[in-house]
Amino acid sequence: MVRFSVYAKYFAYVTTTYASFTAAIWILFVRAQGLSFAEVGLLNAVWWVGLVAAEIPTGYVGDRIGRRNGMLVGTVVVTLATAGMGLSTTFWEFALVYGGWAVGQTFRSGSDDAWLYELLAERNATAEFAAVKGRATALGLAVGALTAPVGGALADDSFRLPFFATAAVTALGIPVLLSVPETGDEDADTFTVAAAVRVIRERLARPPLRAFVLYFALLFGVVQMTYIFDQPVAQDVALAAGVPESATKTAVGVVYAGFTLVAAAVSYRTGWLRRRVGIRRWFAAVPFLVGALFAALWVAPILAVPAFFVARAVNTASVTLGNQYLNDRIDSVGRATVLSSASMVYSLAAVPFEVIGGVVADATSPLGALALFGVVLVVGAGAMRALGRPVA
């Protein structure tokens, strides 16, 4: 009963992080304030730079104050930032909110997976991390699929309502976190800054993890860039299909619900993917699949929406499988620091893709940018595999 209660609360917390009324209209909202794709790319770069700057410090803080407490701090900050987003109108206001939001997110990015892995370790069930994390993510995505079209409908009435509604739901994670136990190593109080640097150098900056983190960073950067373009492209598709302009945000919300449901289904089966496909074979195939699909948009633009479905599903499963791979190769002391450091590398990789992708989209089109970076992904992944074995 205790085990079920703790896992149920974890699932409830994850649900509050995925339940978003803004997911389908985020970029449309920013664009409606008069910002270009290049400016949207710069804002996303602010987000990723904020993650880079804060990942290691907040991961270290999570190891010191406790993983549960780190998640709690992050939830409070994200709640405030979400509400602030709904009040913003200018590039600099958005930049301030993006930066603050990124810092809040970093408190959760390493601590939540570290907390769950330690909880499983206490039950001698660490091999189930991918399955439990995948199912929790699937539940969260399913709830996100329900809230996305509702957020689109709210945005058709007022662009700001979805942000206030999301802030309210995110805040529900605070009492949930206050009710769950802390996990972690008893030596956390002796985990100094010097020890954190040593852990990063010994675990992450050397083979075999170094090659894997860089390989995954390339895939992550290209896939994250697609999030700038999927909403405008989906809106154009809705208009072309005869949807009245006054209802296009609701239509985009419905499309986003589809994205999210597919990602949820794949996430739910992440444990199965780990057992039947394997982490090595998964990462050997998906960069080339995603890259080839994006490159094909040069000659087959009709594949755009299917490509977005594939990218969402691949990204969701890859993050969980990647964290399983890292967790299995690091110790309890410093776990959140190492995971946050890996997230920092992924965030850093996303910055040039976001900025250059926005510029290319303004000069050509969103589909042109996706096609170009699909080629970059295939060539880059092929080169890294030729030079070594990213996944041991």
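Select helices H7 and H16 to begin: their crossing is right-handed, meaning that the near helix is turned clockwise from the far one by less than a right angle. Helices here are DSSP runs of H or I with at least four residues, and strands are runs of E with at least two, numbered from the N terminus. The model is predicted, so that local features need pLDDT of at least 70 and side-chain atom pairs count only at pLDDT 80 or more, while totals for chains, interfaces and linings use all residues. Residues are numbered from 1 along each chain as its sequence is written, and side-chain values use heavy atoms, with hydrogens and water left out.

**First stop: H7 and H16**

Helix H16 covers residues 304–327, and its axis lies 10 Å from that of H7, at an angle of about 150°. Axes are lines fitted to C-alpha atoms over the stretch in contact, and angles run from 0 to 180 degrees between N-to-C directions. The two helices, H7 and H16, are therefore roughly antiparallel, a term for angles over 145 degrees.

Next, display the side chains of Phe-129, Ala-130, Lys-133, Gly-134, Thr-137 and Leu-141 in H7, which meet Thr-316, Thr-320, Asn-323, Gln-324 and Asn-327 in H16. Contact means heavy atoms within 4.5 Å. This contact of H7 with H16 comprises three nonpolar, seven polar and one charged residue. Nonpolar covers Ala, Val, Leu, Ile, Met, Phe, Trp, Tyr, Cys and Pro; charged covers Asp, Glu, Lys and Arg; the others, Gly among them, are polar.

Move to Asn-124, in the loop between helix H6 (111–121) and helix H7 (129–157). Its phi is near 55°, a positive value in a residue other than glycine. Asn-124 counts as exposed because its relative accessibility is 74%; exposed means over 50% relative accessible area, buried under 20% and partly exposed in between, with a 1.4 Å probe and protein chains only.

Select helix H4 (residues 67–87) together with H6: their axes come within 8 Å and cross at roughly 150°. H4 and H6 are therefore roughly antiparallel to each other, and their crossing is left-handed. At this contact, Arg-67, Arg-68, Gly-70 and Met-71 in H4 meet Ser-111, Asp-112, Ala-114, Trp-115 and Glu-118 in H6. Three of these residues are nonpolar, two are polar and four are charged.

**Last stop: the whole protein**

Finally, show the entire model, which has 18 helices and zero strands. Of its 392 residues, 56% count as buried.

How values were computed. Parallel < 35°, antiparallel > 145°, perpendicular 65-115°, else oblique.
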